[in-house]
Amino acid sequence: MKQPIFVTIFISVHIVFIFLQIYKHTQQVALSFQKQKNERVFTTLQEKKQELTNKWCSRINRSEVKKVAIEQLGMKPLQLSNIKRLTGHDNQE
Amino acid sequence: MITRNEKARAFILFLIFCLCYGIIIANLYHIQIMQGEFFSQLAKQQYYLSTTQTPPRAAIYDRSGKQFLAHNKQALSAFITPRSISDHKKLNAFLRKNFPAAYSQLPSKKDKHFMYIKRHLSQSEIDLITKAKLPDIYFLTEHRRFYPVASTGNLVGITDLDNNGLFGIELQYNEQLKGTPTTYFLEKDARSGHFYLSKQMISQGKEGVPLQLTIDADLQFLIDEELSNWLQKYNSKEGAVLVMDPKTGEILAMVCHPHFDPNNTQTINQELTKNKIITECYELGSVIKICSALAALAEGVVTPDELIDCKNTKSTYIDGRLINTVIEAGTIPFTEVIVKSNNIGIAQVAKRLGPKLYDHYMRMGFGKKTGIQFPGEQKGFVNHPDKWSKQSIISLSYGYEVSASLLQLACVFCMIANDGVPIIPQLIKNNQTTASSSKPIYPPDVIAIIKDMLLQTTEHGTTKRAGIKGYTVMSKTGTANMLIDGVYNKQRNIYTCAGIIKKGDYQRVVVTFVKEATGSELYASIVAAPLFEKVATKTIIHERIV
């Protein structure tokens, strides 16, 4: 009587271990896939960042900024003669 | 009861089965053991592959650390798979018309799996291919460099199609910028889908390290504009401006005109890619007089107040050599010889120096490299006393038989601004590897005399137009005939103005240079000095030294 019980328990435990091993492996694969998906998202975000950086660089094109400042806003380049020095007063900022 | 016959048949059947199993086992042995290595490799090829990831090329920043001077941009490249073209006729016609280089390569690559049509396509080329709607042409994304500040092209340089530096900073610091690739071993399924089962690093690479230059991108733009307008005014072929911080040797702006567009290298003029401030040398003329004056004062062969007879003429002979000067003068103090830039006076003083003048020029940095980390730097030339003619000392005294780069000239003025302490010019911010010397190479009292001479030159001498009210400006001009086919041409000149602008602790060294201005009776006091004033004004406003 004891022998069949022992054999049954022995086999059952091994089956459980096998299932646990399979489960562990599937979890590993699932996490690996998740990590790879995140890597892809990261790459996409980096490309997006680069694209935005390029757009920002083209927006701050100095020639264009100057053109807008002069033609649309009516600004003029600063000359030394435009700067007045205040003497004998405290700085009130 | 089993008969003998049945036993025999059973035995034969048994033997047949044994034979069949024997064949199976033998085949298994053959496949698993004898050809095991072969099939194992075949299987590995299916589900193991090695891949190399190249890091993106690192960016180059200006001195603020926020403005890009070079960074990466995505570019599309077009390719075909020659072995599997569906419509040869249409493709050939399209390539023949629009991409003749690719069309000529196609016959030799018809067995290949991959062939580029063109890399880094322009927008018009992308539109052309898109509109053609050819199923055999594909796009792939690659990285290319983009340079927001076009005037830094001959300083920063450019890269080739594979993002390797070709010249300038991109070449000098290529290894640092590109990093090293990382190699992985991936385990994938046989369908070789997007995902892998395991990833093993074979060799670890490094990311590229960004560079921060000492260049101020905004100042560079302002000066580029100013120089461009100035050269147009005089219809000049070339010009250059250099702005440095004499205390640290940092180069704040380095502009050469004309320059090329580093973002459009389809048709590139190689001549325009040279950084003429570092890689070209010139006989600079009278601006070198300050160096001969420094040498003479340091050797004690003259004092600033000593009266020098300048013969009261614009032309005279000394040692058989005809010497011309622009402003005639009589017997004047040596200081006035420099202020009025009198060739006759300086030649007489230089004769007292003799071969020691050569040693002083070498001490000041002429005839050797400055130590800047930049490819193609020229060290210039100083005529050695062994090769002197009777008149060489005269030529050397006012800037001939000595050729120097504008950077070398700026370094001399930095040394003067630093009370005799020389500097090593810097292009990289916080460069700890190169430290300037802390010992003066000329005594401070001699330097003080030189500074006074330069100040007087600006106040009432040849560089009056370089003066800025409210600021101390110490400057010197030089007009030099160009050597064309072995003869000095009086109609073709180079005009230089170099000086120091100072207010309190703030100091900047500015060098302006114009080559071949159109007009008669032009001198550096008219062509280069006003440009110095404009550049210096832009610099002090930009840096808010008011």
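1. Four elements of chain B, namely β13 (321-324), β17 (472-484), β18 (487-503) and α18 (524-527), each give at least two residues to the lining of the second largest pocket. Helices here are DSSP runs of H or I with at least four residues and strands are runs of E with at least two, numbered from the N terminus. Please keep in mind that this is a predicted model, in which local features need pLDDT of at least 70, side-chain atom pairs count only at pLDDT 80 or more, and totals for chains, interfaces and linings use all residues.

2. The second largest pocket holds about 1,200 Å³ of space. Among the 42 residues lining it, Val326(B), Asn343(B), Thr479(B), Asn481(B) and Tyr523(B) are the closest to its centre. (On a 1 Å grid over the protein atoms alone, a pocket is an open set of points where a 1.4 Å probe fits, with protein on both sides within 12 Å along at least five of seven lines; lining residues have an atom within 4 Å of a point. The volume is the space filled by probe spheres set on the points, which are joined across faces, edges and corners.)

3. Now the partner chain: 27 residues of chain B contact 22 residues of chain A, with contact meaning heavy atoms within 4.5 Å. The rule finds 2 salt bridges across this interface, taking a side-chain nitrogen of Lys or Arg within 4 Å of a carboxyl oxygen of Asp or Glu. In one of them, Asp218(B) pairs with Arg62(A), and the closest N and O atoms are 2.7 Å apart.

4. On confidence, the predictor assigns the complex an ipTM of 0.75 and a pTM of 0.86. A housekeeping note: residues are numbered from 1 along each chain as its sequence is written, chains are lettered from A in the order in which they are written, and side-chain values use heavy atoms, leaving out hydrogens and water.
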